[in-house]
Structures are given as structure tokens and as C-alpha cells.
Amino acid sequence: MPPPVLSIRSLTVTFFGSGAPVPAVRGVDLDVHAGEVLGIVGESGSGKSVTALAAAGLLPQNAQVSGSIMLAGREIVGAAPALLRRMRGQEIGVVFQDPSTTLNPLLPVGRQITEGEVAHGRLRPSEAPQRAVALLRSVDIADPQNRAVQYPHQFSGGMRQRAVIAMAMAGQPRLIIADEPTTALDVTVQAQVLDLIARRQRETGAAVVLITHDLGVVAEVAHRVAVMYGGRIVETGSVREIFARPHHPYTAALLRSAPRIDAAGGRLDPIPGQPPTPSELPPGCSFRPRCAVGGGRDRCAAEVPPLRPVAPDRAAACHFAEEVRVAASPVRSAPLPDTARRRPDAPALLAVENLAVHFPIRAGLLRRVVRTVRAVDGVSLRIAPGETLGLVGESGCGKTTTGRAIMGLVLTSGGSITFDGQRIDGLPRGAMRAVRRQMQYVFQDPFSSLNPMLTVGDAVAEPLRIHGLFDEMGGARWIATLFDMVGLSVSVANRLPREFSGGQKQRIGIARALALRPKLLILDEPVASLDVSIQAQIVNLLEDLQRELGLAYLFIAHDLSVVKHVSDRVAVMYLGRIVEEGEKAELYRTPVHPYTQALLSAVPAPDATAAGMRRRIILEGELPDPAAPPAGCHFHPRCFRASDRCATEAPRFERHPGLASFRACHHAGPLAAGGPSARPEAAVP
Amino acid sequence: MTEALRSGLRVARRVFSRPAPAAALAYLALLAAAALLAVPLGLDPLSQDLVRMLEGPSREHPFGTDELGRDILARAIFGARTSLMTAAGAVSLAAAIGVPMGLVAGFFGGWRDAVLMRVVDLMLALPGIMLALALIAVLGRSQAAALVAVGLTGVPTFARVARAQVLSLRRRDFVVAVEAFGASSGYTLMRTVLPNSWSPILTQMVVLSSVAILLEAALAFLGVGIPPPTPSWGEMLRTGKEYLHESPTYAVLPGIVLTLTILAFDTIGRALSTVLEGRDTLIGRPVADPP
């Protein structure tokens with residue numbers, strides 16, 4: 001076997017800042033060979049990105065690195081800056097998470113992607129333009145001639161990430177480090193980019209280190225997996241083995257806790273507690289406080305478990321790895337009967353008819369309306385008491401605007417919103433205040449939705465005080481009950497938001513939303529910014545609260561697995577319109593709209609066997625500009641079933657014959673065996 | 001508001017752990033203490049001794065005497081009272097008018113924003129000293145007039161700072177969240193937006209203190225400040241200039257304290273903004289996402 005491209009031995013990285021030194025990486029060993037994709041999986045603070053940055057020599061001044069990093073036979077740790085610079089140009093290519101900040105906004109994309117090669121003297125400036133066109137073509141960018149002279153702002157998110165990949169691969173590096181390369185992208189675009197990384201990797205034979213928190217992404221493209229926790233690798237193995245037979249309790253628990261698109265309902269099995277922060281690691285095994293296998297045995301607290309071989313080509317850092325015998329497949333308790341909770345026949349709690357929200361774009365001296373962004377363009381929804389409606393769609397489809405319009409936070413341009421039998425759009429302020437008691441909003445980002453100057457107890461009490469109901473609703477005792485309901489001790493009530501982790505803050509956000517005893521919660525991506533192991537806790541909490549309090553949820557999300565888990569009915573939104581809506585089971589089993597079909601097929605499942613067998617529909621292009629939507633059916637330019645009729649005539653939203661689902665498509669129908677026949681997979685121009 | 005206080009103390013600790021701001025603070029504390037203790041110490045800025053006028057430094061009068069034989073040290077210390085009080089009053093006045101203007105303009109936007117900001121533009125278009133001279137011409141010479149004149153020139157700065165702060169907070173989730181609960185605009189503005197925008201306003205108050213002291217001295221130097229016999233640094237500089245031949249040491253002390261005071265406020269102001277913008281610690285890429 002040839003020597004590995006990247007070989008890391010007992011790497012430790014410690015950051016020195018204003019406080020105590022923070023050990024971010026604590027003894028990592030790993031090898032990556034040519035032609036191999038190594039997936040590094042971990043939650044925030046696990047040290048996965050720091051490990052990769054150390055390999056690229058990109059750590060800041062205040063990081064102290066020790067151990068050995070051999071890249072293509074040369075030592076990186078302590079290397080001279082000039083050598084590092086040369087190696088970054090030739091041996092390593094890096095793809096960062098956010099393509100909108102990686103590119104220089106003042107340089108044409110074509111010049112940027114060849115800049116490195118020109119600087120290293122491997123490309124003559126006169127040849128750069130042709131080279132840029134060839135590079136852009138190699139990452140499937142349409143019309144590369146014209147695109148090469150455009151600026152980053154003229155590129156969409158997915159195209160920018162393609163350009164960054166082109167730049168990273170320009171010098172034919174032997175190692176590519178991709179740090180969460182698809183986290184900032186939508187599901188359908190993520191599928192395109194993952195496909196591109198896999199293909200370019202095969203073509204160039206480079207070694208790839210793919211860092212991600214998403215087990216599905218790893219299952220999709222990685223060959224080997226390293227799971228990181230608390231600054232150490234806790235388990236390594238081939239992707240198939242890890243998903244089938246995890247040997248570390250953390251891996252096993254992580255696989256069990258994630259909601260999966262291929263699983264039936266039932267309760268999620270979350271990992272208790274919080275991921276440790278690098279500055280406050282527990283002694284011994286850092287997973288011990290959350291571990292179900294160790295069971296509080298003394299050895300786990302006393303001794304850091306070494307990463308040891310447990311099977312051929314497998315290693316796990318657990319004293320009791322042999323005892324991890326939990327099936328990774330989602331075997332869950334039977335779904336609770338939801339007949340008691342749901343009353344689909346009751347009059348709708350919330351009924352939205354033909355809702356429209358248009359934002360005018362004004363320009364020029366007279367501030368005339370030059371264009372209109374149709375963020376929401378004729379959306380109809382119904383939610384019965386105690387029911388969960390999942391609203392899914394990619395970013396920019398208008399799902400958040402829909403939620404905010406229902407809350408009265410955004411002015412509507414048309415249609416009607418009826419809540420509990422009362423028309424609420426356009427209500428005067430005072431009357432709307434009363435309605436708002438019944439309807440509350442939970443924000444996506446728990447870091448930004450809590451006032452940093454208010455203790456969390458005051459934050460939870462704030463809605464009561466605003467409505468002058470603090471004493472009426474039970475005062476401090478009710479606040480204590482609310483903390484208890486969301487699984488927090490009321491003793492933390494006089495702390496400030498910044499002292500809490502993301503999951504805890506989201507619990508506080510939920511407690512605050514429940515303070516006025518609402519009937520409907522609008523949940524805007526409530527778990528999207530949380531770590532995988534925390535998502536399951538919050539999802540379970542929401543389900544429990546719904547059962548106990550008879551709440552109705554409008555669950556807005558882009559993650560189809562989570563939506564499938566929590567919803568009774570699901571509506572799929574595309575560019576301001578609902579394209580398909582139906583009962584969850586039917587919609588996921590027999591999607592009839594081509595967009596729903598593509599979305600569902602693009603979700604990476606954390607199961608390597610299934611990933612190999614799945615038929616994927618990779619959509620072309622990206623979400624069009626909502627200010628200038630395509631004529632006819634908005635989806636037709638990306639659709640694999642589109643005909644001439646779709647370009648001129650918008651399809652009506654109606655029941656699909658033989659199913660309970662509604663859809664808006666001229667050519668709706670279940671996927672034929674053998675997949676979409678009109679165009680082959682990955683037919684991205 | 002207790003959290004505002006606690007985070008203020010944290011900021012203060014970080015500001016004054018650096019040598020230059022700490023020295024500036026020590027100087028200002030000394031000056032304030034001298035001004036406060038001047039009466040108990042038996043200093044009298046008004047007692048005249050016409051026999052010993054325009055003397056150089058001596059044992060009884062370490063910085064000499066003025067044209068009426070009054071002790072220059074005592075006058076400079078009492079001048080600090082005038083200067084610091086005028087500055088504090090003027091800055092408070094400017095904040096009291098400017099901050100609400102900025103809050104309302106930024107929060108409500110529309111015609112309120114247009115009207116208030118045009119007023120601010122108008123005030124900015126006039127040079128501060130011109131505005132102050134015009135006001136004193138109307139109000140007459142008095143400490144109150146000087147205070148109002150200096151204060152009004154600071155209004156536009158506070159209005160602009162507060163407005164910028166509101167605009168950046170306006171669309172933040174925690175502000176939208178309070179509105180989603182059904183909070184009134186007043187509640188949102190006073191309870192949520194204002195406590196989160198105090199830090200740049202506070203920085204402005206410190207920075208403007210030095211401007212106010214300078215402006216007050218300038219007015220006194222031009223002879224339109226606080227009327228005599230109240231001691232004031234600007235007034236002392238003006239008379240010192242007239243007796244430059246007879247007593248070259250006359251203007252030394254008032255010049256030094258004026259310069260040092262302005263320098264001290266400026267140093268603290270700059271250190272404050274450095275800390276509040278997070279530029280004081282050298283931390284590169286974050287180690288991990290915030291916990």
C-alpha cells in the first residue's frame with residue numbers, strides 16, 4: 001500500500017485566549033490515502049474543523065499545535081510559512097462552508113479561481129482566461145465563457161460553491177479539505193454539490209477529508225468515517241461498517257437519535273445532556289456523562305479510553321466497546337395513537353386562503369415600484385386543533401414569510417387568515433393583541449431571539465407582563481411550571497441567555513412561547529441550528545407538549561426527515577406557492593409532484609447500504625429569483641417532466657385522482673419504476 | 001437594567017486594565033477630588049490681594065497670582081468645577097434630546113425619520129461654535145447659557161448614533177419576538193431596544209465630554225462664556241494671554257489642566273470603543289461555535 005497522503009499522529013491543538021487555555025484537539029491519529037474520502041463527523045466543539053485547519057496550516061497565531069502532520073511526506077507542524085504557502089497551492093485545496101464569504105466580491109470569478117496557479121507560476125497570465133473557462137466547465141457551470149468574467153454576486157449560492165470547488169481543485173492537489181461544504185446549501189443543491197465532489201474526486205484521484213455534522217452526507221460520499229467527540233476520535237471504520245455496527249456508544253446513540261426519512265414514526269431516542277465545551281471537559285471519557293453503556297462505572301471517570309482496534313479495520317475509544325450491541329436501525333417504540341390528540345374533523349383552528357405577501361422593490365428618484373417580490377403568492381393552509389402541519393421548502397420559497405404573515409408581523413397583500421373563526425388579517429392593533437395571546441412564534445435561532453440583557457426568567461415572563469397577565473396566570477409559580485415543562489430547573493431563571501447552550505436556549509424560547517397558553521405555535525425551523533444530538537431532545541419535547549396541552553403546530557422546516565417525524569400533514573412550498581399537500585404517510589410514500597419527488601430523493605439518509613441503492617433525482621439549477629418567477633408553472637425550468645404547456649399555463653392546485661393529496665402539476669403522478677425517464681441523472685448542463 | 005449595570009462593570013474592568021485609560025482615569029479622579037475638596041481645604045479663588053498681583057510661582061502661590069492677586073492654583077481647581085459641571089450638564093442635555101430623537105427616527109422610520117433627521121442635518125450644517133455664539137447672543141452670558149449652547153451642539157451626534165443602533169437592532173429576532181407577543185412600540189423601544197443600545201451611546205458621552213470641555217473653554221476664551229468672577233480655564237487663558245509680558249507663567253497651569261483633561265476623556269473614550277467593538281483581545285478564528 002502506498003503511504004497515505006495525509007498522516008496525523010497524536011495531534012493536539014490548544015488555543016490561548018483571554019481565559020484559560022482551551023484544548024480543542026486532544027490527541028488525534030488519522031490517515032487518508034489517495035483516492036479515499038474520509039468523513040469526519042462530530043458536533044460543534046468536537047474539534048473536527050480545528051483538526052482539518054491544522055492539516056492545512058491555517059490555524060491562527062494563538063493556537064499551539066503539537067504532534068505530527070505529514071502531508072505528502074512533509075511535516076506541516078512547525079513548517080516555515082513559505083513552505084506552507086507552497087504546499088497550500090500544490091498539495092492542499094480547501095473548500096469552506098460558506099461560499100458567499102470565501103470569494104472576493106471585487107474580483108471576477110474566473111480570475112479568482114486561477115489566481116493561485118498564476119501566483120505560483122504554474123500558469124501564464126495570458127492563458128489564465130482559457131484555464132478559468134475549463135475549470136468552470138469541469139464543475140458543471142453552464143455557459144462558462146460568460147460566467148468567468150462575472151462577479152460572485154451574480155452567482156447563486158450553489159454556483160459559488162462550485163466555483164470554490166473549482167478553485168480548490170485547480171492545482172490538482174493531492175488532498176482536498178472540505179469543511180461542511182454543503183451546510184449552507186439547500187437540499188437539492190446539496191445533492192448537486194455532493195455529486196460534484198464525488199465525481200471530481202474520482203477523476204483526480206485526490207484524497208478528500210470531508211467534515212460534516214450530517215450523518216446522511218457522510219453515508220452518501222465517504223468511504224471511511226472518523227467520529228469525533230470532545231476533541232478526540234472516538235471511532236473509525238468503513239462507512240458501511242460504522243452505520244451497520246457502531247462500536248462506540250456515542251456513534252450508536254447518534255444514529256438512533258437522528259430522525260430518519262426512511263423510518264416510521266415513534267419516539268426519538270435522544271442522547272441526554274449537552275455536548276461538552278472544549279474548555280470544560282469532564283475527566284476520563286468525555287462522553288461518560290451522557291453514556292448509556294458505561295453506566296457510571298468508575299473506570300470511565302478515571303481513565304481516558306484509548307482508541308484501540310475492536311475488529312478488522314475498526315477502532316473505538318471505549319472501555320466497554322464490546323458491550324455496544326445496539327442495532328443502528330431505527331427500532332423505536334410504537335407510535336402513540338394520535339386519535340385523541342388530532343381532531344381533523346373539528347373546525348379549522350387556522351385557515352389561510354390565498355395568502356399573498358408582495359414586497360415592492362423601489363428604485364429611482366421618485367421611489368417608484370420597479371418590481372415586486374412575490375414572496376408568498378396564493379398559499380392556502382388549514383390546521384385543525386391539536387394537529388401539526390409541516391411546511392417544507394428550500395430557502396427563499398416563502399415559508400418563513402408565510403409564518404410571519406400569519407403572526408401579523410408582515411403585512412399581507414391579499415387573501416385571508418382566519419383564526420378560531422375570526423378573520424385576523426388587517427385587524428387593528430388592539431384586537432390583534434388579543435389574538436396574539438392564542439398564537440405564538442418560536443424562532444429558528446435561539447442565540448438571537450432572546451434579549452441578551454434580560455435574565456431567562458424575565459424573558460419567559462415577558463409576554464405575561466406585556467399583556468398584564470403576570471399575576472392572573474399564576475405569577476412566579478406559573479413561570480416555574482413553564483421551566484419544568486420544558487425540562488429546565490427554575491433555579492436557572494436568574495441567569496442570562498449567554499450562559500446557556502443552543503438546545504437550552506431553544507427550550508427557553510419554547511417556554512416563553514407557551515407562557516400565554518396559546519392554541520397554536522408557529523415553529524420556524526426550531527431545530528435547524530442545533531446539534532444533531534440535541535435536535536431529538538427538542539423534537540421529543542415538542543411532541544410531549546403537544547400531547548399534554550393539545551397545541552396545534554405550524555412546523556416550518558427545510559429538513560424533510562424532521563418534518564416527516566413531527567407532522568400529521570405536510571405541505572411542500574416552491575417559490576411562494578404550495579405545490580403538494582397531503583397526509584404525511586401518503587405524501588412520503590407516493591409523492592406525485594416532481595418537485596416533492598426530487599426533494600425526497602435528495603435527502604441523504606444515514607445508512608450506507610441504502611445510499612448505494614437509492615435512486616436520486618438531481619434537479620438542475622437552483623431556485624429562481626422570486627422577483628422574476630418563470631411563467632406558467634414556477635417549477636418548469638427545473639422539472640424533469642416539463643412540457644410546453646407548463647411554460648405557459650400555471651397548474652391548478654387540486655386533488656390528485658386516486659389519492660387524498662392535493663398537488664399543482666400538469667403531469668403529476670407517482671414515480672415510474674426505473675426513475676424519471678425524461679433525463680438521466682446528473683444531467684446538469 | 002441590572003444586567004446593563006453588570007455588563008457595564010465588565011466593560012469598565014476591561015477598559016481600565018490597560019495602562020493609558022487607567023492613568024487617564026486616575027488623573028480625572030484626582031481632578032474631581034480636588035474640585036470637591038477645594039472648599040474644605042480652604043482654597044478661595046476670589047480672595048484678592050492687590051499688592052501681590054501677577055506674581056510668579058512662590059511658596060504661598062505655587063503657580064503664581066493673577067491680575068487681582070488671586071491664587072492661580074485655587075482658580076484652576078475651581079475652574080475644574082466649572083468645566084466638569086458644564087461638560088456633564090451639556091453632555092446629559094445633548095443625550096437627553098438626541099437619543100430620543102434617534103430612537104424615534106430609527107424605530108418608526110417614515111415621515112418621523114425624515115423630519116427629525118433633516119433637523120439634525122440642519123444642526124450639523126452650522127459650525128458648533130457659531131451655533132453656541134448665536135445662542136449666547138440670545139440667552140445672554142451665564143453658566144446655564146454656556147451649558148445649553150454646548151449641549152445643543154452635541155445633539156446631532158447622539159441622534160445619529162442612537163438611530164444607527166436602532167436600525168441595526170430593529171430586525172433582530174429578539175426585537176421581533178417581543179412584537180410577536182403583542183408588545184406596544186413604546187415597550188419594545190424602551191425595554192428591548194434601548195437597553196441593548198447603551199454601549200455606543202456611552203462611548204459617545206465620554207468622547208463628547210472632551211469636546212464639551214474644549215468648546216466651553218473656547219467660549220470663555222472668546223469672552224462669551226461664563227461671566228466673571230467665576231473661575232474658568234478658558235477665561236484664565238484669555239487673561240493670561242493679555243498679561244503674557246508681565247507674567248509668562250500665568251497661563252501655564254490652566255493650559256496644562258485643560259490639555260490633560262481633554263486628553264484623558266479622549267483616551268478613555270477611545271479605549272471604551274475598542275473594548276465595546278471587541279478589538280481589545282487578539283483572538284483569531286473561534287475555537288468552536290459559541291456554547
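**Figure 1. Strand β16 (residues 414–419) of chain A pairs with β17(A) through two bridges, in the antiparallel sense.** Within this pair, Phe419(A) lies opposite Gln422(A) of β17(A). Strands count as paired when DSSP finds at least two bridges between them; helices (H or I, at least four residues) and strands (E, at least two) are DSSP runs, numbered from the N terminus. The model is predicted, so local features need a pLDDT of at least 70 and side-chain atom pairs count only at pLDDT 80 or more, while totals for chains, interfaces and linings use all residues. Residues are numbered from 1 along each chain as its sequence is written, chains are lettered from A and ligands numbered from 1 in the order in which they are written, and side-chain values use heavy atoms, with hydrogens and water left out.

**Figure 2. The order β14-β13-β16-β17 describes an open sheet of four strands in chain A, with antiparallel pairing.** At its edges are β14 and β17 (422–423) of chain A, each of which pairs on one side only. Strand β13 (residues 350–363) and strand β14 (residues 368–383) of chain A run antiparallel and are joined by twelve bridges. One bridge links Leu355(A) to its partner Val379(A) in β14(A). The two strands β13(A) and β14(A) make a hairpin with four residues between them. In the turn, Gly364(A) has a positive phi of about 85 degrees. Helix α13(A) lies across β13, β14 and β16 of chain A and runs at about 110 degrees to β13(A). Such angles run from 0 to 180 degrees between N-to-C directions, with axes fitted to C-alpha atoms, for helices over the stretch in contact.

Figure 3. Eight bridges connect β1 (residues 6–15) of chain A with β2(A), and the pairing is antiparallel. Leu6(A) has Val32(A) of β2(A) as its bridge partner.

Figure 4. Of its 28 lining residues, Gly408(A), Leu409(A), Leu411(A), Arg429(A) and Arg436(A) are the closest to its centre. At least two lining residues come from each of α13 (399–407) and α14 (429–436) of chain A and α3 (72–108), α7 (173–180) and α8 (185–193) of chain B. Helix α14(A) gives the largest share, four residues. The lining has 14 nonpolar, seven polar and seven charged residues. Nonpolar here means Ala, Val, Leu, Ile, Met, Phe, Trp, Tyr, Cys and Pro, charged means Asp, Glu, Lys and Arg, and the others, Gly among them, are polar. On a 1 Å grid over the protein atoms alone, a pocket is an open set of points with protein on both sides within 12 Å along at least five of seven lines, a cavity is a set where a 1.4 Å probe fits but cannot get out, and lining residues have an atom within 4 Å of a point.

**Figure 5. The second largest cavity has a volume of about 90 Å³.** Cys285(A), Cys291(A), Gly294(A), Cys300(A) and Cys318(A) are the closest to its centre among the 15 residues that line it. By class, nine lining residues are nonpolar, five are polar and one is charged. The structure holds nine cavities of 30 Å³ or more. Volumes are the space filled by probe spheres set on grid points, which are joined across faces, edges and corners.

**Figure 6. Chain B has eleven helices and zero strands.** Its C-alpha atoms fill a box of roughly 75 × 50 × 30 Å along the principal axes. The average pLDDT (the predictor's confidence in each residue, from 0 to 100) of chain B is 82, and 94% of the residues score at least 70. Residues 282–291 of chain B fall below 50, and this stretch has 18 contacts (heavy atoms within 4.5 Å) in the model beyond near neighbours in sequence. Where pLDDT is low, the predicted coordinates should not be read in detail.
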